[in-house]
Amino acid sequence: MKPISSIASNVQASTTMALDALYKEMKANGVDVLGFAAGEPDFPTPDHIKLAAVEAIIHNQTRYTPASGTMDLKIAICDRLKEDLGLYYEPPQIVCSSGAKHCVYIALRALVNPGDEVIIPAPYWVSYVELVKMVGGIPVCVLATEEEDFKLTPEKLEAAVTPNTKCVMLNNPSNPTGMLYTREELEALAAVCVKHDLYILSDEIYYKLVYDGNTFVSVASLGEEVKQRTILINGVSKSYAMTGWRLGYLACDETIAKAASNYLSHSTGSPCSITQAASAMALEADQASAEVMRQAFEERRNYLVDRINAIPGLSCLKPQGAFYVMVNIKEQLGRTIRGHYIGSADDFSDAFLKEGLVCLVPCTGFGIDGFLRWSYAASMENIKKGLDRLERFLAE
C-alpha cells in the first residue's frame with residue numbers, strides 16, 4: 001500500500017488528552033487517582049444556558065445553519081466583544097466553529113501557505129505546534145523563560161522574524177503558564193508585528209479568568225492598524241463551563257473571515273444548531289455565573305501557589321489568569337524517588353501517577369522541561385488531597 005500523508009504522519013498526539021484519558025481509565029477501574037491534567041472547568045454549565053438549548057430543541061432549531069454561524073449568535077458575539085473589550089466588529093467579521101481549537105486550525109488554514117513560518121512563544125499550548133504543522137507551516141518556537149515571567153519579549157520576537165514569517169501566535173492569558181500580558185507589553189509586540197507586516201493570531205479563550213484586580217487587554221484593541229492584522233480567537237468553553245458544547249469563534253478582517261467561512265462550508269459545515277442557541281444565551285445573559293467561577297478559581301490559585309512554594313525543592317510563579325500553575329521541579333531532576341529515576345518532567349509525571357496516584361502534565365509537551373502544569377479547575381478538596389500526596393511522594 002502507498003504511504004499515508006507525510007503531514008499526517010508527522011502530527012503528534014495531544015499530551016494532555018492522552019494523560020487525561022489514562023487518568024479516566026484508571027478512575028473507571030476503581031483506582032483512587034486524582035486528575036489535574038485537563039483544562040476543563042469542574043462547574044456545571046449554568047441552568048439558563050442549558051434551558052436555552054432545551055428551548056431550541058422544542059422549537060425545532062435542529063436544521064443546518066449558515067456555515068459560519070447564525071446571525072443571532074454573531075450579534076451576541078459582537079455585543080459581548082464591545083461590552084467586555086471595547087472592540088467593534090460587525091457580523092460578517094465573525095466566524096463560528098466547533099470549538100476554539102478548531103478556530104485556531106481554521107485561522108491557520110486561512111493565513112498560512114506551505115513553508116510559511118509561524119512564531120510560537122514557548123511554553124505553548126500543546127496543540128499550537130501540531131496545528132501549524134497540519135497546515136504545512138513551519139513552527140518557530142521562541143522560549144520565554146521563567147525569569148521573563150514566561151512572556152515573549154519584543155527583542156526575542158524581532159530576532160525570530162525572517163522573510164518567511166507569516167504570523168505570531170499569542171495566548172493571553174496563557175495556557176500553560178497563566179501569565180497575562182500588560183498593555184505596554186502587547187504594544188511592544190504589536191509594534192514588531194506592524195513593522196514586519198505580520199498577522200497576530202491571538203487566542204483569548206481565558207480572557208474572563210483574570211485575577212488580583214488586573215484588567216485584560218485584547219491586542220486587537222491597540223488601534224486599527226493592529227486590529228486589521230489580528231485574528232482574535234475566543235469561545236464559550238472556559239468562561240461558561242461549556243467545554244463539551246464545542247463552540248468557538250474568530251473575529252477578524254472580513255477578507256479573512258470570508259476565507260475561513262468558505263473553508264468551513266466544505267469541511268465541517270456549521271457548528272451544532274443547539275450549541276449555537278445555548279452559546280448566544282451565554283453571551284447575551286447576565287455574566288454573574290462567570291464571575292462566580294472566576295472568584296472560585298482565584299481562591300484555588302492562591303491556596304495552590306502558597307502550598308507549592310512552601311514545599312522544599314519546588315516553586316512556582318503566581319499566575320495572573322487562566323487556571324494553571326507551572327510547578328518548577330528542577331531541583332528534583334537527578335533524584336530517585338520510590339525507585340524511579342527522575343531525569344525529566346516526563347519521568348516525574350509518570351512516577352507521581354504510578355506511585356502518588358496524581359495526574360499532572362509534564363511541560364516537555366509545551367516546549368520546556370523541568371516543569372509540571374497543575375490545573376486548578378478542580379475542587380478545593382481534591383487540590384488539598386493532591387498537594388498532600390505530592391508532599392508524601394517527595395518525602396519518601
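How many nonpolar, polar and charged residues does the lining of the second largest cavity have? Ten are nonpolar, none polar and none charged, where Ala, Val, Leu, Ile, Met, Phe, Trp, Tyr, Cys and Pro count as nonpolar, Asp, Glu, Lys and Arg as charged, and the others, Gly among them, as polar. The model here is predicted, with local features needing pLDDT of at least 70 and side-chain atom pairs pLDDT 80 or more, while totals for chains, interfaces and linings use all residues. Residues are numbered from 1 along each chain as its sequence is written, and side-chain values use heavy atoms, leaving out hydrogens and water.

**Cavities**

- A cavity is a set of points, on a 1 Å grid over the protein atoms alone, where a 1.4 Å probe fits but cannot get out; its lining residues have an atom within 4 Å of a point.
- Three cavities of 30 Å³ or more turn up, with volume taken as the space filled by probe spheres set on grid points joined across faces, edges and corners.
- The largest cavity has a volume of about 110 Å³.
- Of the 15 residues lining the largest cavity, Pro121, Pro123, Asn171, Ser174 and Tyr181 are the closest to its centre.
- Strands E3 (117-122) and E5 (165-171) each give at least two residues to the lining of the largest cavity; strands (E, at least two residues) and helices (H or I, at least four) are DSSP runs numbered from the N terminus.
- The lining of the largest cavity holds twelve nonpolar, three polar and no charged residues.
- The second largest cavity contains about 50 Å³ of space, and its lining includes Leu152, Leu170, Cys193 and Val219.
- Helix H8 provides the largest share of the lining of the second largest cavity, four residues.

**Nonpolar cores**

- A nonpolar core joins buried Ala, Val, Leu, Ile, Met, Phe, Trp, Tyr and Cys residues through side-chain atoms within 4.5 Å, buried being under 20% relative accessible area, exposed over 50% and partly exposed in between (1.4 Å probe, protein chains only).
- Leu108, Leu250, Phe348 and Leu390 touch the most other members of the largest core, which has 87 residues.
- Helix H5 (residues 100-111) gives this core its largest share, eight residues.
- Not counting residues up to four places away in sequence, Leu108 touches Val118, Leu131, Val132, Val135 and Leu201.

**Around Thr364**

- Thr364 sits in the loop between strands E14 (361-362) and E15 (371-375).
- Thr364 counts as partly exposed because its relative accessibility is 30%.
- Beyond neighbours within four places in sequence, Thr364 is in contact with Asp346 and Asp369, contact meaning heavy atoms within 4.5 Å.
- Thr364 and Pro123 are 241 residues apart in sequence and 8.8 Å apart in space, C-alpha to C-alpha.

Methods:
On a 1 Å grid over the protein atoms alone, a cavity is a set of points where a 1.4 Å probe fits but cannot get out, and a pocket is an open set with protein on both sides within 12 Å along at least five of seven lines; lining residues have an atom within 4 Å of a point.
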